[in-house]
Amino acid sequence: MTTRFTVYSAILVIGGGCLTARALTEQWRYVTRAAVQQIAADGKGGCAYVDKDASNWASVVWLNQKGAVQYATGVLTGSFMGAIINGCSANQLLYTGMIGFPMMAQVDKKGKALPVAAFGGYVLGMPLMMPFGTSLLNDKKGFFVINVNTNTEVNTVVRYLYK
Amino acid sequence: MNNGILTTGILLGALLGGMCGMAATQRWSYDDAPAIIGIMADGSGGCSYVRWETNDLPSAVVWLDKNGALIYRADLTTNLPVTIVNCTKKQLTYATWQDSWRFVQVARDGTVTPVTAGDQTLTVPILAQELPVSFTTDRKGFFGLLVRVPSSRVTLIRYDNK
């Protein structure tokens with residue numbers, strides 16, 4: 001009886017240990033303003049995302065590795081094409097938004113945004129005829145998902161560590 | 001408030017065209033095309049892209065080095081789908097549709113080698129056929145598209161991050 005109890009206990013401990021070791025850990029979460037359209041991991045545990053509300057107005061938010069806001073555009077009203085993240089690293093965010101007219105912006109890690117400009121016209125970070133932003137959801141230590149509350153339709157960006 | 005500052009900055013930037021000490025520095029520019037799609041950064045400051053013509057004219061694949069010099073250009077015989085599969089500073093691989101998908105690898109000296117897989121058929125993911133994505137950043141900078149006003153023709157621009 002004692003032997004059987006010991007064996008069962010060992011199996012439970014080993015099994016539980018394995019499950020724990022392989023389980024994901026939620027690191028942080030951030031409730032968004034509207035439905036998330038694109039997430040771009042910065043490679044260091046943070047990310048930027050684009051959301052778009054029912055009026056088709058978009059906003060861009062850049063979260064650091066602790067889930068704190070590093071930069072936010074506010075609502076980009078009058079945007080028929082929304083906004084697209086063109087690149088995100090720990091040091092800078094590049095996005096193209098419609099702020100009166102389409103324009104690419106560069107944001108440094110202090111949250112200072114500057115336009116990317118050139119003579120003779122306006123600069124975009126992607127082809128105008130194919131304004132689609134691809135998502136990058138993972139980095140070396142974890143990944144991002146969108147948690148959608150099916151009752152309220154509130155979107156939440158959730159950061160998971162692989163273990 | 002932040003949005004207002006950005007809007008003002010963008011307007012000023014567009015008007016002054018890079019004369020107001022912006023963080024990103026324009027390094028070089030290339031082309032004056034009806035449209036540019038499928039930009040693929042090579043990770044070392046160069047890139048390749050598809051030069052898309054209008055009115056059913058043929059398109060072209062263009063490969064530029066880190067200085068904006070032309071390494072390779074293929075003027076295609078149709079405007080059918082073209083997908084750039086991979087681009088590094090040493091090679092370019094792309095696929096064109098001509099009855100079936102045909103893949104070729106281009107060496108830095110311009111040598112073109114067909115990519116085959118025995119009796120297997122190579123193809124391109126369906127979404128990449130219709131909507132080729134662009135990868136426009138690397139460690140030191142990024143690529144943008146200058147849309148000229150009023151012609152709407154497009155020029156590729158290389159920017160350094162600072």
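Chain A has one helix and twelve strands, where helices (H or I, at least four residues) and strands (E, at least two) are DSSP runs numbered from the N terminus. Along the sequence the order is α-β-β-β-β-β-β-β-β-β-β-β-β. This is a predicted model, in which local features need pLDDT of at least 70, side-chain atom pairs count only at pLDDT 80 or more, and totals for chains, interfaces and linings use all residues. Residues are numbered from 1 along each chain as its sequence is written, while chains are lettered from A and ligands numbered from 1 in the order in which they are written.

Of the 163 residues of chain A, 36% count as buried, that is, with 20 or more other C-beta atoms within 10 Å of their own, C-beta atoms being placed from the backbone. Beyond its neighbours within four places in sequence, Ala48(A) is in contact (C-beta atoms, placed from the backbone, within 7 Å) with residues including Val60(A), Trp62(A) and Leu93(A).

The contact between the chains takes 33 residues from chain A and 32 residues from chain B. On the side of chain B that touches chain A, two or more residues each come from helix H1 (2-16) and strands E2 (35-41), E10 (141-148) and E11 (154-160) of chain B. H1(B) gives the most, with eight residues. Strand E10 (residues 121-124) of chain A runs antiparallel to E10(B), joined by four bridges; strands pair if DSSP finds at least two bridges between them. Here Tyr122(A) stands opposite Val147(B).

Note on methods:
Contact = placed C-beta atoms within 7 Å. Buried ≥ 20, exposed ≤ 12 C-beta atoms within 10 Å, placed from the backbone.
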